[in-house]
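Subject: Structure for your review

Dear colleague,

Please find below the structure that I am handing over to you.

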Amino acid sequence: PMTAEGRRVMPTLRPEMDSPSCTFTWKDSFQAQVIPVDQQNKEKSPLAVCMIVKDEEQTLPACLKCVLPIAGEFVICDTGSSDRTMEVARQILGEQAKIISHHRAEEWRANPAAFDFSEARNYALSQVESDWILSLDADETLEAESIPLLTNLLSRLPESISLILLD
């Protein structure tokens, strides 16, 4: 779904769950599949927001501000911005974030055809220390009503659940 400004909006969670170990149904027919894995005795860490960005100074503020209340960790990986993207991220997040430039950012800026999305995403994910990762694009925001529902969902999941996939 898109806002009037052209910003994508993540679907709103419905408060009811079909099953704590199967599928969650989201507003607008999105579904989240929960995959159980063996994670015994693993203490839950706060939710991390992980992003790869490039030239997102205009859209990044709305995205980051909507997840500030629920994320305990932020990893923002720049892939060659020529605008103020990293400065904007630092202004909003301050010391609570890992704001990093990918080591190939200059190469990718000079030769966009060489950009490797999976390398950038995997590098950013490797910097996360939290158990739960919310991966967002800079033009995505969460609806305000989804924030307490997402927090509640994560707190209710059994230890055997470690991955939620959105379709």
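The notes below begin with the chain as a whole and then turn to particular residues.

This is a predicted model, in which local features need pLDDT of at least 70 and side-chain atom pairs count only at pLDDT 80 or more, while totals for chains, interfaces and linings use all residues. Residues are numbered from 1 along each chain as its sequence is written, and side-chain values use heavy atoms, with hydrogens and water left out.

Overall architecture

The chain has five helices and nine strands; helices (H or I, at least four residues) and strands (E, at least two) are DSSP runs, numbered from the N terminus. Along the sequence they follow the pattern β-β-β-β-α-β-α-β-α-α-β-β-α-β. Of the 167 residues, 39% count as buried, where buried means under 20% relative accessible area, exposed over 50%, and partly exposed in between (1.4 Å probe, protein chains only). The accessible surface of the chain comes to about 8900 Å², and 50% of this belongs to carbon and sulfur atoms; the areas come from the Shrake-Rupley method with a 1.4 Å probe, and for residues only the protein chains shown count as cover. Among contacts (heavy atoms within 4.5 Å) between residues at least 6 apart in sequence, 71% join residues at least 24 apart.

The nonpolar cores

A nonpolar core is a set of buried Ala, Val, Leu, Ile, Met, Phe, Trp, Tyr and Cys residues joined through side-chain atoms within 4.5 Å. The largest such core has 29 residues, and Met 51 and Val 67 have the most contacts inside it. Two or more residues are given to this core by each of E4, H1, E5, H2, E6, E7 and H5. Its largest share, five residues, comes from H1. Another core, of ten residues, lies apart from it and includes Ala 48, Val 75, Ala 120 and Ala 124. Beyond residues up to four places away in sequence, Met 51 touches several residues, among them Leu 60, Leu 64, Ile 76 and Leu 136.

Helix H5

Helix H5 spans residues 146-156, and its buried residues are Ser 146, Ile 147, Leu 150, Leu 153 and Leu 154. These residues lie on the same side of H5 because they cover an arc of only 130 degrees around the axis, the arc being that of the directions from the helix axis to the C-beta atoms. The face turned away from this buried side carries the exposed residues Pro 148 and Ser 155.

Salt bridges

Side chains of opposite charge can pair when their charged atoms come close. A salt bridge is here a side-chain nitrogen of Lys or Arg within 4 Å of a carboxyl oxygen of Asp or Glu, and a search of the whole structure finds eight. In one of them, the side chains of Arg 84 and Glu 57 meet at 3.2 Å, N to O. Arg 84 lies in the loop between strand E5 (71-78) and helix H2 (85-93), and Glu 57 in the loop between strand E4 (47-53) and helix H1 (60-67), so the pair ties together parts that are 27 residues apart in sequence. Arg 84 is partly exposed, at 35% relative accessibility.

Arg 104 and Glu 107 also form a salt bridge through their side chains (2.8 Å, N to O). Salt bridges that share partners join Glu 57, Arg 84 and Glu 87 into one network.

Glu 73 and its surroundings

Glu 73 forms a salt bridge with Lys 98, with the closest N and O atoms 3.5 Å apart. This pair links distant parts of the chain, Glu 73 being in strand E5 and Lys 98 in strand E6 (residues 97-101), 25 residues apart. Glu 73 is buried, with a relative accessible area of 10%, whereas Lys 98 is partly exposed at 27%.

The side chain of Glu 73 also makes a polar contact with the side chain of Ser 130 (2.6 Å). A polar contact is a pair of N or O atoms within 3.5 Å; within protein, one must be able to donate a hydrogen and the other to accept it, and residues adjacent in sequence count only if both atoms are side-chain atoms. Ser 130 is found in the loop between helix H4 (117-126) and strand E7 (132-135), and is buried at 12% relative accessible area.

Gln 127 is found in the loop between H4 and E7. Leaving aside neighbours within four places in sequence, Gln 127 is in contact with Glu 73, Val 75, Lys 98 and Ile 100.

Yours sincerely
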